[in-house]
Amino acid sequence: DDTEGNKILAMSNLGWILKNPKENLTFADKAYTMASPYMITDGMNKYGLAVAIFSAGGSESTIDESKITLQENTVPVLLLNKAKTVDEAISLLSKYNVSLVGESQYQYMVCDASGNSAVIEFVDGKMQVIYKDGDYQICSNFILYNNPSLSGFGSDRYENYDAVLSKTKGIISTEDALKLLQKNTIPGDEQWSVVYNLTDKTLSATFYGDYDKVHEYSFK
């Protein structure tokens with residue numbers, strides 16, 4: 001029912017919500033898990049719009065008192081529920097504040113079934129949009145806006161992705177995409193690797209420690 005929001009396939013990190021997610025859950029812990037649909041890290045809706053959140057040091061937003069303010073992790077929820085395309089997502093987010101304070105420093109990547117993509121960042125208090133320029137676009141945890149040298153935390157992973165994708169004009173199989181992600185995890189912060197097929201509307205995910213098993217989901 002689109003009046004309630006779009007259908008979504010998404011990932012949520014219980015490590016953000018629970019202090020000890022691997023231990024026996026208390027009643028309060030179980031109640032906190034109900035917040036997971038509002039703490040999406042990446043996802044796709046039935047129209048083929050995908051959104052992912054990335055930590056990005058140096059991100060900074062300002063608050064316009066005339067706008068509603070979103071907590072950073074609710075941005076993917078809004079965009080996946082209410083937008084169908086990259087342009088719609090950008091237009092929608094521009095109508096809100098995004099609260100990025102203290103350690104809450106993030107950027108967002110949006111892609112759609114047409115092949116369009118963009119990275120949304122908050123630099124010096126202003127929302128900046130970096131659109132795809134070429135066959136593909138990469139985002140890996142550092143500010144892209146006004147950064148022609150592409151320097152920052154994650155630049156090594158950016159180069160590794162680019163080295164592979166440049167040879168195929170950005171076209172690789174789901175299996176190869178998962179392997180590429182698995183090879184470029186942040187040591188000590190491995191969790192999952194996921195590929196969203198925005199044409200077929202499918203999600204393929206592998207989890208750290210069991211990369212040989214691929215979990216696949218679709219809207220069918």
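**A loop residue and its setting**

Modeller: Asn146 is exposed, as its relative accessible area is 69%; exposed means over 50%, buried under 20%, and partly exposed in between, with a 1.4 Å probe and protein chains only. The model is a predicted one, in which local features need pLDDT of at least 70 and side-chain atom pairs count only at pLDDT 80 or more, whereas totals for chains, interfaces and linings use all residues. Residues are numbered from 1 along each chain as its sequence is written, and side-chain values use heavy atoms, with hydrogens and water left out.

Asn146 belongs to the loop between β8 and α5. Helices here are DSSP runs of H or I with at least four residues, strands are runs of E with at least two, and both are numbered from the N terminus. The backbone of Asn146 has a phi near 55°, which is a positive value in a residue other than glycine. Asp133 is also found in the loop between β8 (126–131) and α5 (155–165). With a relative accessibility of 75%, Asp133 counts as exposed. From Asp133 to Ala118 the C-alpha distance is 9.3 Å, for a sequence separation of 15 residues.

Lys169 is not a glycine, yet its phi is positive, at about 55°. Its relative accessibility of 58% places Lys169 among the exposed residues.

Helix α6 itself (residues 174–183) has Ala177, Leu178, Leu180 and Gln182 as its buried residues. Their cover includes α5 together with the strands β9 (192–197), β10 (202–207) and β11 (210–218). Ser193, in strand β9, has a relative accessible area of 3% and is therefore buried. Neighbours within four places in sequence aside, Ser193 is in contact, meaning heavy atoms within 4.5 Å, with Leu178, Leu181, Gln182, Ser204, Ala205 and Thr206. Leu178 and Gln182 are among the buried residues of α6.

The loop between α6 and β9 contains Gly188, which is exposed at a relative accessible area of 73%. Although Gly188 and Asp200 are 12 residues apart along the chain, 33 Å separates their C-alpha atoms.

Earlier positions in the sequence provide further detail. Asp29 is found in helix α2 (residues 27–32) and is buried, with a relative accessible area of 18%. Apart from neighbours within four places in sequence, Asp29 is in contact with Leu18 and Asn24.

Ser61 lies in the loop between β3 (50–55) and β4 (69–71). Once neighbours within four places in sequence are left aside, its contacts are with Val98, Ser99, Leu100, Phe122 and Gly125. Ser61 and Lys126 are 65 residues apart in sequence, and their C-alpha atoms are 6.1 Å apart in space.

A helix pair follows. Two packed helices are described by the angle between their axes and the distance between the axes. For helix α3 (residues 75–82) and helix α4 (residues 86–93), the angle is about 130° and the axes are 10 Å apart. The axes are lines fitted to C-alpha atoms, for helices over the stretch in contact, and the angles run from 0 to 180 degrees between N-to-C directions. The two helices are therefore oblique to each other; angles under 35 degrees count as roughly parallel, over 145 as roughly antiparallel, 65 to 115 as roughly perpendicular, and the rest as oblique. On the side of α3 the contact is made by Val75, Leu78, Leu79 and Lys82, and on the side of α4 by Glu88, Ala89, Leu92 and Leu93. By class, 6 of the residues in this contact are nonpolar, 2 are charged and none is polar. Ala, Val, Leu, Ile, Met, Phe, Trp, Tyr, Cys and Pro count as nonpolar, Asp, Glu, Lys and Arg as charged, and the others, Gly among them, as polar.

For the chain as a whole, the secondary structure comes to 6 helices and 11 strands. The radius of gyration is 17 Å, close to the 17 Å from the globule rule for 220 residues, so the chain is as compact as a globular protein of that length. That radius is taken over C-alpha atoms, and the rule is 2.2 Å times the number of residues to the power 0.38. Along the principal axes, the C-alpha trace spans about 50 × 40 × 35 Å. Of the 220 residues, 41% count as buried. Among contacts with a separation of 6 or more, 59% join residues 24 or more positions apart.
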